[in-house]
Amino acid sequence: MNAQNNTAAQTKTIARTDLSVLPIAFAVLGGLMLLFASGYAQASVLHDAAHDQRHAMAFPCH
Amino acid sequence: MTKNLLTSAVFAGVAAGLIAALLQFVFVIPALLEGELFETGARIHFGANGSPESDRGSPGLGTEWARHAMTVGFNVVTYVGFGFLLLAAMAFAELRGLTTITSKQGIIWGLAGFIAIQLAPAIGLPPELPGTPAAEIGPRQMWWLGTLVASALGLWVIAFGRGVIALSGVILLLGPHIIGAPHLDAFWGVAPPELSAEFVTLSLGAAAAGWSTLGFLCAWFWTKEL
């Protein structure tokens, strides 16, 4: 029973083709870039456009 | 079909961002716009005549469509960003053999994201209603960033650490609050405190809904047999 469960878990894991470090690293990088633009950068154009959203999301705004 | 980490995060982020934006327009933005009335002086709390009373009522969403479109757009950008990080964390946990992700488990991951990224920083730096001044932006951003990183690590250690190591997660969660967030040394907000408190709970509520939706959808898109 236990061995069967293990095999099932393994098959499921292997089926997810993205399960390696590279796409994970890409996702982290992409996520940080998007959040920098939407929540952190203080350039005034970005700040004004994102203003309401930053307040609503509890990002330090100005 | 290939299950792609990045496209799953984008689908989940766009959907969760739109849902979060909808919740914000119903609950959060009306309070924000009401706060702006006090910020600009259109309404005055504790007015010159010494009255502690001021009118209540949101001006409504108005007709600033470009402004509101930006809010929707940036919600989508933010939630796609959250989605990338959340799904990266899920995939990393699975890669290391720590867990097997299911869509229901995704809700827990989403709530953990809410706690680390929204709730923990908000304990020190509450979401700001317009008309409530706060300390310098630089130190606040530093504390905010440090807090969400420490809280995310803390939750990770509690979830996956063994034995006593798991306890060190508590220190990571508590640390930023013992250090304390930067604050002004005086109160000089012009908006009513009641409205400010409502704004805080409404925005955290919307974020909790957004994050749990995001967690579910990230896991669902990623693990779905298409």
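**View 1. Lining of the largest pocket, by class.** The lining of the largest pocket holds 31 nonpolar, four polar and no charged residues. Nonpolar covers Ala, Val, Leu, Ile, Met, Phe, Trp, Tyr, Cys and Pro; charged covers Asp, Glu, Lys and Arg; the others, Gly among them, are polar. The model is predicted: local features need pLDDT of at least 70, side-chain atom pairs count only at pLDDT 80 or more, and totals for chains, interfaces and linings use all residues. Residues are numbered from 1 along each chain as its sequence is written, and chains are lettered from A in the order in which they are written.

View 2. A pocket is an open set of points on a 1 Å grid over the protein atoms alone, where a 1.4 Å probe fits, with protein on both sides within 12 Å along at least five of seven lines; lining residues have an atom within 4 Å of a point. The space here is about 1100 Å³, as filled by probe spheres set on the points. Of 35 lining residues, Leu85(B), Leu86(B), Ala89(B), Ile117(B) and Ala152(B) lie nearest the centre. H4(B) gives the most to this lining of the largest pocket, 10 residues. Helices are DSSP runs (H or I, at least four residues), numbered from the N terminus.

**View 3. The second largest pocket.** Its volume is about 530 Å³. Thr132(B), Pro133(B), Ala134(B), His183(B) and Phe187(B) lie nearest the centre, among 23 lining residues. The lining divides into 16 nonpolar, five polar and two charged residues.

**View 4. Chain A.** Chain A has three helices and zero strands. Buried residues (under 20% relative accessible area, 1.4 Å probe, protein chains only) make up 44% of its 62 residues.

Note on methods: Heavy atoms only, no water. Helix = DSSP H or I, 4+ residues; strand = E, 2+ residues; numbered from the N terminus. Buried < 20%, exposed > 50% of the residue type's maximum accessible area, 1.4 Å probe, protein only.
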